[in-house]
Amino acid sequence: MISQKRNRFLLLLLLVIMPIAFISHFAAGEISISWSTFGDAWISFDSSNPEHIIVREFRFPRFIMACLAGSALSVCGLMMQTLFNNPLAGPYILGINSGSSLFVAISLMTGLSIFQSDFGLVSSALIGAFIFGLIILSISFKVKQGVSLLLIGLMLGSFSSALVSVIQYLSEANSLKMFTMWIMGSLQLVESDQLPFISVLFLFGMLGSFLIIKPLNAFVLGETEAVLLGISIRKIRLLIIVFTALLTGLITAYCGPIAFIGLAVPNLVKIIFKTQDHRILLPASLIGGAIFIVLCDIIVQLTAQWIPLPINAVTSLIGAPMVIYFIVKRLAQ
Amino acid sequence: MLKNSRTVDYFYNMKILSLVLILSAVMFSCDSQKENDNLTGENIVRYAKYLRIIEKGNLTTIEILSPETGEAEQTLNLTKELVKTNHFLQVPVSKMAVLSSTHVGMLSKLNEIDKIVGITNRLYVFNEELLENIEKGKVVELGEEGQIPVESLLKTKCKTLIYSGFGKEYPYQKQLNAAMVKCIANYDWREVHPLGKAEWILLFGYLTGKEKEAKIYFDKIENEYLALEEKAKKLKNYPTVLEGNLFGESWFAPAGESFKAQLLKDAHVHYQYVDTKGTGSLPLTLEKILSDNLDTEHWINPGFPTKEKLFTFHPKLKYLGPVTKNKIYDYSKSGNRYWELSAIEPQKILSDYLSIFHPTEFPKKNLYFYQEVK
């Protein structure tokens, strides 16, 4: 009862921190813009005013993309950790990001028309994530040990990285440059008119994830117990892979591969909330992931005029010490 | 007694050691003096900051200077006599591996493409003769500059390996020196004046025994460059120009003291960041670039040949002034030509710039490196 109250309080606290982080993110750009200009950019947009363009086309899409990326990757990480019953699991560790990267590399650098559909990058990233997700899933039917499965995921990641290196070596300069830019990861490439499409896919994946909260809680008890509770293991496993591939592929397509969030945020949430209940963990990962990446992106923006830091580097620089601190603190207790 | 004897031995040994040290120091200082004596001749290099060439009798000494310290990083003593020591390099060098496109360009201007036996990757080659030689198996592809397969290189029996200097020894330098392959750093890419880059052709001239041809070629391009610069000085208008592109989180624009900024100055344009310090690139945020360049007229070197490719990754760049004015030019007219020849033909870059930025005074007849990004 006490822990339920505590967790509700913590969730409330996250909800309070959220707007503070969001407002700070809006104000973090290099160009100083007054709050009244922020309002004017929406009420009376002037396309010849650089400040209006910066607000509507630069800061707003970047902020929304940061929130969506942080939330999606954290929720995917949580579901993967539950599915494989291993805190090290996550879309990056299990090679799902690598699948996206491989297919984007094939799409950009080989010029094979089969991969160059109307959706271009997005479809390549989604196909890659889905294929690698299915490979991991099919292997998971035969390999029961979580550690072995993680090792297989790491091998898949290494294998696809090696293939990407070969493709990079053989590709011509412009394609190589495009791929290099994509793989560095960035939140500022999304345009405002792409946001509705991204948001719809995000909502679909997120809604699906929330609909399987009950089976996810049953998975925590173990597969045998989950079967006894009437859960269709195969169906839920497939759904987790589908939602994870959809969300990871979507974010990877638009922002490049972003590491660490899927691993760190769910673990941080579990340590802080001290629960295995996905009714708490899922919304906490969703909000926590958004806050975490928004804070990291504030650092990226504040330091950009002196040191150009990629978002990938900042998420690890901030996240790794946080995770270590909480683990040490928990062990000390 | 024993103790005393040991003490005497100790002092005796120390005396001997001191004598050896003093003699060594004297000999070393004599050697240094000799070396310095060799370098007292006139340096024939005028623009390149990191290259010194001194001719004295039959011996030519070439110093590659460190861009960081200005001190000699490598000293090459070239001789036309037959030598079997690593202290001298016998010229003309019959076979060489070159690990940068600019090196290929310089050798092509001396008609010495046949001397090349190793390059990094055929994808970066523009020269047709070299491509043919690769096809015929006369030239090996060595891959990444810092990770070449040493045995493949040795199999070519090359005498020198020329790489883009980076302040340290080449990764396999000791092994290659032992195999009588001289590794030579090239800092043309660090030069800050366009003619300074081009002047590195003298290094290739001396190595191939075509120093006279190299000097004649350099004098020719120097005259052409300076003549164009002089004409540009008489222009009255300064069109605004943006240079560079977004990479990751930052836009990398040439700093005010860089080679690219110098070319823009010589092309008589207003470049927003011309007063900044530094010889490399300035990392700028996209917001800063947009707010500074909403009305800028031209954009040069976006790094992509078509708008489609450019906007695939950077759709937000459509708000920049030059995009709305349709004045974007890129160096991608002929594949790898820019990478191979721009260092050795700076007068042609300046000529292209003048035609792009001042089309009335310098009509666009036929751009050499550049084309409009459509």
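Predicted model: local features only at pLDDT ≥ 70, side-chain atom pairs only at ≥ 80, totals over all residues.
User: Is B:E112 buried or exposed, and which residues is it in contact with, leaving aside its neighbours within four places in sequence?

Analyst: The relative accessibility of B:E112 is 8%, and because buried means under 20%, B:E112 counts as buried. Once its neighbours within four places in sequence are left aside, the residues in contact with B:E112 are B:L107, B:T208 and B:K210.

User: How are helices α12 and α13 of chain A placed relative to each other, oblique or roughly parallel?

Analyst: The axes of α12 (residues 261–273) and α13 (residues 278–303) of chain A come within 9 Å and cross at roughly 125°. Angles under 35 degrees would count as roughly parallel, over 145 as roughly antiparallel and 65 to 115 as roughly perpendicular. The crossing, which is right-handed, therefore makes α12(A) to α13(A) oblique.

User: How do the residues of the contact of α12(A) with α13(A) divide into nonpolar, polar and charged?

Analyst: On the side of α12(A) the contact is made by A:I261, A:V265, A:P266, A:V269, A:K270 and A:F273, while α13(A) contributes residues including A:L281, A:G288 and A:F292. Taken over both helices, the residues of this contact divide into 10 nonpolar, three polar and one charged.

User: How many aromatic pairs are there over all chains, and is the pair of A:W42 and A:F60 stacked or edge-to-face?

Analyst: Over all chains the count comes to 21 aromatic pairs. In the pair of A:W42 and A:F60 the ring centres are 5.0 Å apart and the planes stand at 80°; because planes over 60 degrees apart count as edge-to-face, this pair is edge-to-face.

User: Which parts does the pair of A:W42 and A:F60 tie together?

Analyst: A:W42, with a relative accessible area of 42%, is partly exposed, and A:F60, at 26%, also counts as partly exposed. The two residues are 18 apart in sequence, so the pair ties together helix α2 (residues 35–43) and helix α3 (residues 50–83) of chain A.

User: Is the pair of B:Y163 and B:Y170 stacked or tilted?

Analyst: Both residues count as buried, B:Y163 at 1% relative accessibility and B:Y170 at 2%. Their ring centres are 4.9 Å apart and their planes stand at 45°, so the pair is tilted.

Definitions and conventions. Residues numbered from 1 in each chain as written. Chains lettered and ligands numbered in written order. Heavy atoms only, no water. Buried < 20%, exposed > 50% of the residue type's maximum accessible area, 1.4 Å probe, protein only. Contact = heavy atoms within 4.5 Å. Axes fitted to C-alpha atoms, helices over the stretch in contact; angles between N-to-C directions. Helix = DSSP H or I, 4+ residues; strand = E, 2+ residues; numbered from the N terminus. Left-handed = near helix turned anticlockwise from the far one by under 90°. Nonpolar A, V, L, I, M, F, W, Y, C, P; charged D, E, K, R; others polar. Phe/Tyr/Trp six-rings, centres within 6.5 Å; stacked < 30°, edge-to-face > 60°.
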